Amino acid sequence: MKQLKIKVLVGLFVVAGVLAWAGARLWDALGSLPSVPLAAPIVLALIAAVLAATALSLRSRLKAQRERVPGAKGVEPMMAARAVLFGQASALVAAVVSGLYGGVAVFLLTSGSAAQGRTDQTVYAGLAVLAGLAVVAAAVFLERVCKLPDDEDEAGAAPA
């Protein structure tokens, strides 16, 4: 399993943001722009909390397992792999969603929407971006927690 690359996440965020900004501009010119739901930042924050809690739990269990603490509950490799996969998928989706809400927030900020009573939509979009960035941070932390230490013996050996 390959590690997430921050460049890929930033690229997804920027591309989604530019497309959302352009789409919001076009949509607003043709009619009324749909509102940003209040649930968006809440759901993203819950996903970030689940990822962070999983990472902290696995970190403590892996530390106890590495130090061979008596009675320590170990971590099954498949469970750790599933957690990392969940984190990677969440980070990719959160980067796109954060970019979308970021593009909408930039449009709302630059279009003078405060006069039109859209300040709450701008706040919801901004909070969704922050919560999405928290998901990405928690996913990267989870991935780093579950990373296996490099094996020096196999690094120099040729594959069979």
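**Around Glu 143: a short tour**

Hi everyone, let's start with Arg 144, which counts as partly exposed at 39% relative accessibility. Please keep in mind that we are looking at a predicted model.

Which residue does the side chain of Arg 144 meet in a salt bridge? The partner is Glu 143, with 3.0 Å from N to O. In general, side chains of opposite charge can pair when their charged atoms come close.

You will find Glu 143 in helix α4, which covers residues 119-145.

What else does Glu 143 have around it? Its side chain also makes a polar contact, at 2.6 Å, with the side chain of Gln 88. Setting aside residues up to four places away in sequence, Glu 143 touches Gln 88 and Val 84, along with Lys 2, Gln 3 and Leu 4.

Let's move on to the nonpolar side of things. The largest nonpolar core has 37 residues, and the members touching the most others are Leu 58, Leu 142 and Cys 146. Helices α1 (6-30), α2 (39-66), α3 (77-110) and α4 each give two or more residues to this core.

Finally, what does Cys 146 contact, leaving aside neighbours within four places in sequence? Those contacts are Leu 58, Leu 62, Ala 80 and Val 84.

Methods: Residues numbered from 1 in each chain as written. Predicted model: local features only at pLDDT ≥ 70, side-chain atom pairs only at ≥ 80, totals over all residues. Heavy atoms only, no water. Helix = DSSP H or I, 4+ residues; strand = E, 2+ residues; numbered from the N terminus. Polar contact = N/O pair within 3.5 Å; in protein donor to acceptor, adjacent residues only side chain to side chain. Contact = heavy atoms within 4.5 Å. Core = buried A, V, L, I, M, F, W, Y, C linked by side-chain atoms within 4.5 Å. Buried < 20%, exposed > 50% of the residue type's maximum accessible area, 1.4 Å probe, protein only. Salt bridge = Lys/Arg side-chain N within 4 Å of Asp/Glu carboxyl O.
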